[in-house]
Amino acid sequence: MRPSGRRADELRPVRIQRRYTKHAEGSVLVEFGDTHVLCTASVEERVPAFLKETGRGWVTAEYGMLPRSTNTRTEREASRGKQSGRTQEIQRLIGRSLRAVIDLAALGPRTVQLDCDVLQADGGTRTAAITGSFVALHDACTWLRERGVLRERPIRDLVAAVSVGIHQGVPVLDLDYAEDSACGCDMNIVMTGAGNFVELQGTAEGEAFARAELDQLLALAERGIRELFAHQRRALGIG
């Protein structure tokens, strides 16, 4: 039995609330159980220097955890003067995941900046951030289309992410903190609606895992991500 009482192949309760804040072109509060992440999308009419004069746009992300998103207060990274390696890794992952499903040429010479702020953490903050950020990005692109800025839809597919791991010898889906902190193996998997992989991050802690276990974990992740796609579609009102 998992600490949460869930089945091995069961996601935590998922909730995606659109238009959560007033000013951003796209804003989503995404909940994976007790993990809550606010994802906002801001449109800026500029691009990084390496994209100037190319006509192509850019999608990028920033990620951060509020000081009391965890059970003890964590000092703000801004007060320390630099981001941690973990933070930089996660925000790069979010950006790569979103760019995998958007046509940057169709987006045109502008940037969509995703800000992912962890309000409450109970494991899986990066996977929740990716899943919610896609919905916020979709809304930002819709905002641009409604204003006649874009001639075609730049988003080509869905993208979502979930964690899997081996807890007490059993492959399980969507780790909460109690499982993540005690797992012998944990992975974060990002997939597109077409069933292709954007990224697989997997590590064994202590005992290595076998190829058969890897196959089980991938199958669990694919099943979970299909469910997350259904949540995204319902939130966006698309088929």
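Keep in mind that this is a predicted model.

Let me begin with one pairing. Strand β4, residues 58-65, runs parallel to β5. Eight bridges join the two. As an example, take Gly64: its bridge partner in β5 is Asp117.

Now to another partner of β5. Strand β3 covers residues 35-44, and β5 covers 111-120. These two run antiparallel, with nine bridges between them. Thr40 stands opposite Asp115 in β5. Ser42 faces Gln113, also in β5.

So much for pairs. What is the strand order in the open sheet? Reading across, it goes β1-β2-β3-β5-β4. That is five strands, and the pairing is mixed. The edges are β1, residues 14-18, and β4, each of which pairs on one side only. On average, neighbouring strands of this sheet are turned by 15° against each other, direction ignored.

Next, the helices. Which strands does helix α4 touch? Residues 125-146 form this helix, and it packs on the sheet with contacts to β1, β2, β3, β4 and β5. Strand β2 here is residues 26-32. The direction of α4 makes about 35° with that of β3.

Helix α6, residues 211-236, packs on the sheet as well. The strands it touches are β1 and β2. Its direction makes about 30° with that of β1.

To recap: an open, mixed sheet of five strands, with α4 and α6 packed on it. Over to you for discussion.

Conventions:
Residues numbered from 1 in each chain as written. Predicted model: local features only at pLDDT ≥ 70, side-chain atom pairs only at ≥ 80, totals over all residues. Heavy atoms only, no water. Pairing = 2+ DSSP bridges. Helix = DSSP H or I, 4+ residues; strand = E, 2+ residues; numbered from the N terminus. Axes fitted to C-alpha atoms, helices over the stretch in contact; angles between N-to-C directions. Contact = heavy atoms within 4.5 Å.
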